[in-house]
Amino acid sequence: MRKLVFLLSVLLVSLSVGAESKVDKLLKQLHDRNSRYVFVVAHRGDWRDAPENSIQGMENAISMGVDMVELDIQRTKDGNFICMHDVTLDRTSTGKGAIKDYTTEELKQFVLRSGNGIKTRRRIPTLEEALITCKDRILINIDKGGTYIKEILPIIRKCGMEKQVIIKGKYPVAKVKEEYGADKDGMLYMPIINLWKKEAVESVDGFIQDFVPVAYELCFRKEEELDMNLVNKIVASGSKVWMNTLWDTLCAGHDDENALVEGKDRHWGWILAHKATMIQTDRPQELINYLEKRGLRDL
């Protein structure tokens, strides 16, 4: 009996060690240029049912099967980073004034507000707290992270999450390489390309030659701004195509609300037809359901 128990325990340990986590599976899809899997990114977490950029919002996104949560960061008076979109506290918390005028300890005295301005009991999370919450459970995209690459890399590395976090920004390739250091394969970076800006479009060639980002975030106000020659070039280089369906000026009117009112195929389907494989949305559950029906969510 003892021998049997011992063998069973060894088997269980070996199975647990060998089992792939969801994050492991997502990373395989992320780096597979031939993958048809479409990533769903929750904008500021599940902000419809929790305060935006809150731990609760991240937990909700994980529970509904979202692949990646997008977080915003702001720097505090004592050089730390909290998760908040605005540079001031007024809209999303019980605090007042600029975040940069408060220490982390002072900011922890405030609580977050819900989307309709109601005071909750949720505290403002630090970037490190958010990373720990998401570790090995969901991928993370840090918005505004491109401004603070050198400052936040130590926090990401402390949490052991270099492979799990995508930082995005508008730096040219030379600046990105300088900030990231020599190990260009170590961290995940995504340029934001506003397609109505000639210099932004031209920067794609520099990235393809020197850096090959994990993805490009393509923003376009009108359909004609989305040049499929550029999209095809990005796909051929091995990078993913990220599009935002948050509001009309980011995706030529093919946004979440129009998809729900006028037809999902007409809008989300249009985004897919134009080769997006990463979609940032304010309607994550509805988008997941739509993509599953189309067979684009098999890990």
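View 1. Tyrosine 148 counts as buried at a relative accessibility of 19%, where buried means under 20% relative accessible area, exposed means over 50% and partly exposed lies in between, computed with a 1.4 Å probe on protein chains only. The model is a predicted one, in which local features need pLDDT of at least 70 and side-chain atom pairs count only at pLDDT 80 or more, while totals for chains, interfaces and linings use all residues. Residues are numbered from 1 along each chain as its sequence is written, and side-chain values use heavy atoms, with hydrogens and water left out. Phenylalanine 81 is also buried, with a relative accessible area of 1%. A search of the whole structure finds nine aromatic pairs, a pair being two rings of Phe, Tyr or Trp (its six-membered ring) whose centres lie within 6.5 Å, called stacked if the planes are under 30 degrees apart, edge-to-face if over 60 and tilted otherwise. Phenylalanine 81 and tyrosine 148 form an edge-to-face pair, with 5.0 Å from centre to centre and 65° between the planes. Because phenylalanine 81 belongs to strand β3 (residues 81-83) and tyrosine 148 to the loop between β6 (139-143) and α6 (149-158), the pair ties together parts that are 67 residues apart in sequence. Helices (H or I, at least four residues) and strands (E, at least two) are DSSP runs, numbered from the N terminus.

**View 2. The aromatic cluster that includes tyrosine 189 and phenylalanine 207.** Tyrosine 189 and phenylalanine 207 form a stacked pair, with 6.3 Å between the ring centres and 20° between the planes. Distant parts of the chain are linked by this pair, since tyrosine 189 lies in strand β8 and phenylalanine 207 in helix α8 (residues 198-210), 18 residues apart. Tyr189, Phe207, Phe211 and Tyr216 together form one aromatic cluster.

**View 3. A lysine over a tyrosine ring.** The charged end of lysine 175 sits over the ring of tyrosine 171, at 5.6 Å from the ring centre. A charge is said to sit over a ring if NZ of Lys or CZ of Arg is within 6 Å of the ring centre and within 35 degrees of the ring normal.

**View 4. The largest pocket, with about 390 Å³ of space.** A pocket is an open set of points, on a 1 Å grid over the protein atoms alone, where a 1.4 Å probe fits and protein lies on both sides within 12 Å along at least five of seven lines, and its lining residues have an atom within 4 Å of a point. The largest pocket is lined by 23 residues, of which Asp143, Lys168, Lys170, Ile192 and Glu217 are the closest to its centre. Two or more lining residues come from each of β2 (68-75), β7 (165-169), β8 (188-194) and β9 (215-219). By class, the lining of this pocket holds seven nonpolar, eight polar and eight charged residues, where Ala, Val, Leu, Ile, Met, Phe, Trp, Tyr, Cys and Pro count as nonpolar, Asp, Glu, Lys and Arg as charged, and the others, Gly among them, as polar.

View 5. Most residues other than glycine have a negative phi. The loop between α10 (248-251) and α11 (256-262) holds alanine 252, a buried residue with a relative accessible area of 19%.

**View 6. Leucine 27 with lysine 163, and glycine 117 with leucine 246.** Leucine 27 is found in helix α2 (residues 22-30) and counts as buried at 16% relative accessibility. The C-alpha atoms of leucine 27 and lysine 163 are separated by 8.0 Å, although the two residues are 136 residues apart along the chain. Glycine 117, in the loop between β4 (111-113) and β5 (119-123), counts as partly exposed at 32% relative accessibility. The C-alpha atoms of glycine 117 and leucine 246, 129 residues apart along the chain, are separated by 20 Å.

Terms used:
Grid points are joined across faces, edges and corners, and a volume is the space filled by probe spheres set on the points.
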